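Notebook open, structure loaded. I went through the model piece by piece and jotted down what I looked up.

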Amino acid sequence: VMMDDGEPVAGGYTIREGEIAGLYGLVTNKEKRNQGYGRLLTWILLERARRVGAKTANLQVEELNEVALHVYESKGFREVYRYSYRTLES
């Protein structure tokens with residue numbers, strides 16, 4: 001969790017398996033978006049993973065989340081595939 005003046009502004013976590021780091025749960029407080037917190041959080045998580053042996057990383061992002069897509073593309077991420085959620089009504 002990233003804090004600013006005692007308030008949480010962004011959060012997420014990384015799980016490393018071998019040389020691959022997965023970034024999960026990345027979120028920025030709505031009132032703090034577009035201030036660089038998401039970009040900084042992504043960099044910190046990737047750097048920590050790199051220091052413990054990760055050589056590549058992956059994440060999932062909703063295709064309509066243009067701000068997040070821009071942040072991740074600026075870090076070198078590219079789309080590999082798409083998927084969709086399905087629910088079964090009972």
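I started in helix H1, where Glu47 and Arg50 sit three residues apart, so about one helical turn separates them. The two form a salt bridge, and their closest N and O atoms are 2.4 Å apart. For this I took a salt bridge to be a side-chain nitrogen of Lys or Arg within 4 Å of a carboxyl oxygen of Asp or Glu. Helix here means a DSSP run of H or I with at least four residues, strand a run of E with at least two, both numbered from the N terminus.

Are the two partners buried or exposed? Glu47 counts as buried because its relative accessibility is 18%, while Arg50, at 48%, is partly exposed. My cut-offs: buried is under 20% relative accessible area, exposed is over 50%, and partly exposed is in between (1.4 Å probe, protein chains only).

A note on provenance. This is a predicted model, in which local features need pLDDT of at least 70 and side-chain atom pairs count only at pLDDT 80 or more, whereas totals for chains, interfaces and linings use all residues. Residues are numbered from 1 along each chain as its sequence is written, and side-chain values use heavy atoms, with hydrogens and water left out.

How many salt bridges does the whole structure hold? My search turned up five. One of them pairs Glu63 with Arg82, at 2.6 Å between the closest N and O atoms. That pair links distant parts of the chain, 19 residues apart: Glu63 is in the loop between E4 and H2, and Arg82 is in the segment after H2. Both Glu63 and Arg82 are exposed.

Arg82 also meets Glu79 in a salt bridge, 2.9 Å from N to O. Glu79 is exposed, as is Arg82. I also noted a network in which salt bridges with shared partners join Glu47, Arg50 and Arg51.

**Overall layout**

I stepped back to the whole chain. I count two helices and four strands, in the order β-β-β-α-β-α along the sequence. The C-alpha trace spans about 45 × 35 × 25 Å along its principal axes. Of the 90 residues in the chain, 21% are buried.

**The largest pocket**

Next I looked for open space. The largest pocket holds about 1400 Å³. Its lining has 38 residues, and those closest to the pocket centre are Leu59, Gln60, Val61, Glu62 and Tyr72. Strand E3 (20–28), helix H1 (37–51), strand E4 (56–58) and H2 each give two or more residues to the lining.

What is the lining made of? I get 19 nonpolar, 11 polar and eight charged residues.

For the record, a pocket is an open set of points on a 1 Å grid over the protein atoms alone, fitting a 1.4 Å probe, with protein on both sides within 12 Å along at least five of seven lines, and lining residues have an atom within 4 Å of a point. Grid points are joined across faces, edges and corners, and the volume is the space filled by probe spheres set on them.

**A surface patch**

Val80, Tyr81, Tyr83 and Tyr85 form a nonpolar surface patch of about 550 Å² accessible area together. Patch residues need over 30% relative accessible area and no salt bridge; like charges are joined within 9 Å, nonpolar side chains (Val, Leu, Ile, Met, Phe, Trp, Tyr) within 5 Å. Areas come from Shrake-Rupley with a 1.4 Å probe, and for residues only the protein chains shown count as cover. I checked Tyr81: it is in the segment after helix H2 (66–74) and is exposed at 58% relative accessible area.

**Backbone and glycines**

Which way does phi go at Asp5? The value is positive, near 55°, in a residue other than glycine. Asp5 sits in the loop between strand E1 (2–4) and E2, exposed at 76%. Asn34, not a glycine either, has a positive phi of about 65°. This residue is in the loop between E3 and H1 and is exposed at 69%.

Gly11 is in strand E2 (residues 7–17) and is buried, with 9% relative accessible area. Gly53, in the loop between H1 and E4, is partly exposed at 29%. Its C-alpha is 9.3 Å from that of Glu17, 36 residues away along the chain.

Key
Nonpolar A, V, L, I, M, F, W, Y, C, P; charged D, E, K, R; others polar.
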